Amino acid sequence: MRTIRTTKCDNPFASARTPWEVEQMRERIVKHLECMLAREPHTAELRDWWQANVYTLRDRILERLIATQRAQHNAKCRRVYYFSMEYLMGRLLRDSLNNCGLFELNREALRQLGISFEEMERIEPDMGLGNGGLGRLAACFLDSLATHNYPAVGYGIHYEFGMFRQEFRGHRQVELADNWLAYGNPWQILRAENVQEVRLYGSVEYRHDDSGSYRPRWVGGALLRGFPWDIPIVGYGAETVNFLRLWEARATCDLDFDDFSRGNFHEAVDAKVQSETVTKVLYPNDSTTNGKALRLIQQYFLVSCSLRDIIRRHRNSGADWDQFAEKVCVQLNDTHPTIAIVELLRILVDEEALDWCQAWGIVTKTFAYTNHTLLPEALEKWSVALFEQILPRHLQLIYEINRRFLEEVAARYPGDLESLRELSLIEEGPVRYVRMGNLAVVGSFSVNGVAAMHSELVKATLFPRFCALTAEKFRNVTNGVTPRRWINSANPRLAALLNGAIGYDWITDLEQLRKLEPFANDLEFRNDFARAKLQNKIDLANYIKALCGVSVDPRSLFDVQVKRIHEYKRQHLKLLHILTHYRRLLDGTAKSGAPCTFLFGGKAAPGYAMAKHIIHAINLVADLINGDGRLSDRMRVVFLPNYEVSSAMAIVPAADLSEQISTAGMEASGTGNMKLALNGALTVGTLDGANVEILEEVGENNIFIFGYRAEQLEKMRREGYDPRSFYENDGELKELLDWMRSDAFDRPGEFNPIRHIADGLLNGGDRYFLLADYRSYVDAQDLIADYYANPELWYSMAIINVARMGKFSSDRAIQEYARDIWKIKPLRQG
């Protein structure tokens with residue numbers, strides 16, 4: 001079979017450009033440089049050119065944004081509002097240009113101005129609005145909503161600083177401020193006319209209202225103002241441009257002039273400083289009482305501003321409260337924004353004077369909840385004392401919701417105290433807590449997991465009694481990723497191959513990739529695919545050398561594990577394999593095969609000591625291996641610092657092997673597994689999260705599955721898991737752990753994280769079953785080495801992986817949400 005070659009003009013959004021269009025683009029860039037930035041071309045720096053370029057593109061995007069909002073307003077359509085504490089947007093320029101069909105035109109205009117697009121692009125900072133998969137999923141969803149013309153608004157927080165910028169010092173993670181707004185953000189637009197006020201603290205008073213009714217009233221405390229910043233989200237083809245609205249906290253009074261006049265300069269701005277703290281940093285460390293309070297305040301600030309903004313828009317449409325749930329659907333992205341349920345109820349009951357039944361009926365028809373975790377600690381619980389201090393009226397409403405709900409439970413299950421205890425919104429004990437996960441289920445009309453296996457575990461282990469009570473609420477929507485970002489922008493070499501083989505429809509309909517499957521047996525295409533992968537690896541090798549000073553062989557197997565650092569994700573299992581491979585190379589028992597480059601990326605939460613020990617250990621091992629001249633470049637280990645979307649766009653296209661090795665039954669879905677497989681990396685993984693569905697799609701012959709299943713691990717837990725039994729019965733594992741626990745890795749006066757990890761695994765700390773899965777994992781890696789030694793087989797499998805990944809598009813996920821949960825339809829603008 002020969003590859004089908006098509007011309008560029010087959011893409012409706014990338015038609016041939018005339019010299020006049022290039023000249024016009026060039027003139028507009030220079031005009032913005034001069035008029036917006038007051039710079040001349042001969043003195044402008046790359047950052048100036050980047051900003052002028054963004055302003056030039058933004059002009060076109062805003063025209064479509066205005067048209068989109070006008071069309072949605074005139075249609076009086078139902079909208080979905082996506083509430084998320086984080087959006088991992090990355091850089092926007094390349095994606096936006098591609099979606100507008102202006103990338104080549106823009107690059108040529110810049111070339112004629114003497115500017116390299118690729119050099120200029122590196123100036124753009126990753127937006128500090130997210131951290132991990134939750135935020136990246138939200139960003140993918142915004143792209144899909146706009147691409148497929150769904151009326152939608154994203155709501156989040158305008159963090160001044162991202163979570164943190166990661167550096168390594170003495171092999172340890174060090175957290176530095178991520179000042180992503182240091183030079184401004186040309187994408188954002190301030191909507192000062194839509195400022196909202198938010199109350200915190202205070203007390204509840206009871207007064208007669210104008211009708212003579214005796215009503216509670218939340219009074220006193222502190223007031224914040226929420227200033228909205230909009231970031232336009234352009235869909236592919238630029239027909240629809242939605243927006244992401246981010247709230248910045250400011251004081252109601254920036255300066256106490258009396259204090260200032262008396263010389264009390266610090267006190268004069270104290271309110272301003274305290275208010276701005278609310279949106280200062282993404283995910284403040286919540287290991288302290290003050291940190292917990294700030295997290296709760298952030299969550300309430302987001303939902304209060306957003307709900308008032310939605311209500312303002314609803315009133316402007318001329319609709320009444322009876323129509324609110326018909327026009328508004330709010331999707332809660334995990335438990336973080338769950339307080340929105342109580343805030344809407346408070347507005348309806350306290351401010352709008354609706355009776356309880358009508359108000360609660362509106363609330364429970366408005367919210368839908370996505371659960372993203374099976375870890376109980378991630379469901380969030382807030383102490384009743386903290387809640388009462390910060391949100392006293394909301395705690396009263398939670399008590400009343402709980403009273404009414406438990407009456408229904410008691411009627412359904414008479415005398416069943418265990419059901420009442422488990423279903424209650426309040427966890428009783430020496431310290432009483434508000435259970436936000438339970439509140440999310442009670443107050444939402446839909447509860448979904450994010451992978452088939454995860455959704456079943458949500459019903460069976462996380463919320464079993466809720467499922468028995470209201471089974472119709474529970475459903476699955478498997479996550480997905482946007483092909484616009486993760487192939488079209490991140491991997492233009494693969495995109496060109498796909499366009500040439502199957503046309504352009506895959507960009508908005510990823511199931512079209514199935515047409516690629518016959519090309520797995522086409523020698524010419526397979527060679528083209530291998531060359532594209534090799535060039536991506538060369539680019540990444542250059543990136544690694546520049547960033548880390550380590551030389552890696554592009555022809556080696558690029559074995560990649562990039563994700564948040566957490567024990568259940570088992571980066572330390574990968575470390576055990578690396579040390580096993582190292583020992584085999586030294587003693588001559590390793591299989592002959594291609595060299596290996598092991599790549600890590602990811603951040604540990606500042607307060608998560610064990611995750612930071614894992615980073616420390618990996619960096620120590622990397623230092624040891626990379627400096628061992630006996631290996632003759634047979635293996636390298638690199639931990640890339642400050643992993644973010646822009647670095648992922650360099651790593652993902654170059655990966656050969658995707659490490660998805662979490663403990664079975666612990667990962668909700670994962671989207672890194674999807675991105676990597678979509679770019680032709682083969683997966684080694686457990687039957688966990690979306691790995692199960694990837695296996696179903698690509699077939700067992702095109703993926704490497706290892707380890708115990710979730711139900712087997714649960715049986716081990718019940719019967720008493722003994723990690724030492726695996727240690728005693730596996731000679732290679734025993735020798736490895738004994739070596740790790742010896743003084744081989746000691747450094748005078750320094751903590752030894754390698755020994756700490758090994759001791760923990762043997763002495764009751766193997767909560768995530770590393771030793772149980774070790775042998776199966778190492779055997780899988782031996783098989784992988786054999787397969788990689790056969791390029792014809794390897795690249796055939798890689799192409800099949802790409803061809804069968806159509807299910808894992810965020811477009812498919814959004815269409816399922818829209819059809820089955822949100823009940824919204826695309827709005828074409830003609």
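How many nonpolar, polar and charged residues does the lining of the largest cavity have, by class? The tour below comes to that place after a few words on the model.

This is a predicted model, in which local features need pLDDT of at least 70 and side-chain atom pairs count only at pLDDT 80 or more, while totals for chains, interfaces and linings use all residues. Residues are numbered from 1 along each chain as its sequence is written, and side-chain values use heavy atoms, with hydrogens and water left out.

**First stop: the largest cavity**

A search of the whole structure finds five cavities of 30 Å³ or more; a cavity here is a set of points, on a 1 Å grid over the protein atoms alone, where a 1.4 Å probe fits but cannot get out, and lining residues have an atom within 4 Å of a point. The largest cavity holds about 240 Å³ of space, a volume being the space filled by probe spheres set on the points, which are joined across faces, edges and corners. Select H581, C596, Q781, D782 and A785, which are the closest to its centre among the 19 residues that line this cavity.

Next, colour α23 (571–587), β19 (596–601) and α32 (770–788), each of which supplies at least two residues of the lining of the largest cavity; helices (H or I, at least four residues) and strands (E, at least two) are DSSP runs numbered from the N terminus. The largest share of that lining, six residues, comes from α32. By class, the lining of the largest cavity has nine nonpolar, six polar and four charged residues, where Ala, Val, Leu, Ile, Met, Phe, Trp, Tyr, Cys and Pro count as nonpolar, Asp, Glu, Lys and Arg as charged, and the others, Gly among them, as polar.

**Second stop: the second largest cavity**

About 160 Å³ of space lies in the second largest cavity, and M89, L92, D95, D143 and I233 are the closest to its centre of the 14 residues that line it. Then select α6 (133–147), which along with α3 (93–100) and β9 (222–234) supplies at least two residues of this lining; α6 gives the most, with four residues.

Go to H171, in the loop between β3 (165–169) and β4 (172–176), where phi is near 70°, a positive value in a residue other than glycine. H171 is buried, with a relative accessible area of 19%, buried meaning under 20% (1.4 Å probe, protein chains only). Finally, select D633 in the loop between α24 (609–626) and β20 (635–640); D633 has a positive phi of about 60° although it is not a glycine.

Methods: Buried means under 20% relative accessible area, exposed over 50%, partly exposed in between (1.4 Å probe, protein chains only). On a 1 Å grid over the protein atoms alone, a cavity is a set of points where a 1.4 Å probe fits but cannot get out, and a pocket is an open set with protein on both sides within 12 Å along at least five of seven lines; lining residues have an atom within 4 Å of a point.
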